[in-house]
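Dear colleague,

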Amino acid sequence: MTDTVTIHTDGACKGNPGPGGWGAHLAWGLHEKELFGGERDTTNNRMELTAVIRALQSLKRGCDVEIYTDSQYVKNGIESWIHGWKRNGWKTSARKPVKNAELWRELDEIAAGHSIRWHWVKGHNNHAGNDCADALANRGVEQVLSA
């Protein structure tokens with residue numbers, strides 16, 4: 001894996017649950033790509049996960065990836081919690097079903113094809129990449145609301 005791709009992701013929700021959007025900004029070399037979308041009835045955490053999944057799905061081959069997210073849920077989930085969930089048959093330590101398990105499984109599967117370093121950034125803190133992903137996520141919400 002020789003191509004390094006930098007990805008900034010974000011999710012947004014107007015009401016939680018409610019209409020939501022996701023956004024991802026990808027950059028590699030001199031190339032950039034913006035992705036966004038949304039769902040009519042969703043949650044913020046689902047949109048955060050969807051942003052990362054859609055960004056990784058857009059890659060055509062295995063890459064070195066730097067992912068920046070303002071979601072502790074996504075970062076902690078993929079780096080720490082998921083190992084216990086899989087060991088426990090997709091149950092939490094309290095033996096309850098993992099929320100958004102189908103998205104976590106999808107992310108786990110697609111992430112395995114890449115070498116990923118996860119980074120947390122504080123949201124709404126003048127971080128250019130996060131601000132861009134936030135704007136894209138809000139475009140996803142607007143698209144849902146205007147449909």
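Two strands are said to pair if DSSP finds at least two bridges between them, and the strands (E, at least two residues) and helices (H or I, at least four residues) are themselves DSSP runs, numbered from the N terminus. Please keep in mind that this is a predicted model, in which local features need pLDDT of at least 70 and side-chain atom pairs count only at pLDDT 80 or more, while totals for chains, interfaces and linings use all residues. Residues are numbered from 1 along each chain as its sequence is written, and side-chain values use heavy atoms, with hydrogens and water left out.

The strands

Strand E2 (residues 18–28) pairs with strand E3 (residues 31–42) in the antiparallel sense over ten bridges, and within this pairing alanine 24 stands opposite leucine 35 in E3. The two strands form a hairpin with two residues between them, and glycine 29 in that turn has a positive phi of about 55°.

E2 also pairs with strand E1 (residues 4–13), again in the antiparallel sense, over eight bridges. Here threonine 6 stands opposite alanine 27 in E2, and histidine 8 stands opposite histidine 25 in E2. E1 and E2 form a hairpin with four residues between them, where glycine 15 in the turn has a positive phi of about 95°.

With strand E4 (residues 64–69), E1 pairs in the parallel sense over six bridges, and in this pairing histidine 8 stands opposite tyrosine 68 in E4.

For burial, a residue is called buried under 20% relative accessible area, exposed over 50%, and partly exposed in between (1.4 Å probe, protein chains only). Because nine of the eleven residues of E2 are buried, this strand is largely enclosed by the rest of the structure, and E1 is mostly covered, with eight of its ten residues buried.

The axes of helix H1 (residues 44–57) and H3 come within 10 Å and cross at roughly 25°, where axes are lines fitted to C-alpha atoms, for helices over the stretch in contact, and angles run from 0 to 180 degrees between N-to-C directions. That makes H1 roughly parallel to H3, since angles under 35 degrees count as roughly parallel, over 145 as roughly antiparallel, 65 to 115 as roughly perpendicular and the rest as oblique. Contact means heavy atoms within 4.5 Å, and the residues that make it include Leu49 and Ile53 of H1 and Leu103 and Leu107 of H3.

Two asparagines

Asparagine 100 lies in the loop between helix H2 (72–87) and helix H3 (101–111), and with a relative accessible area of 14% asparagine 100 is buried. Leaving aside neighbours within four places in sequence, asparagine 100 is in contact with Asn45, Arg46, Leu49 and Tyr73. Asparagine 100 and asparagine 45 are 55 residues apart in sequence and 8.3 Å apart in space, C-alpha to C-alpha.

With best wishes
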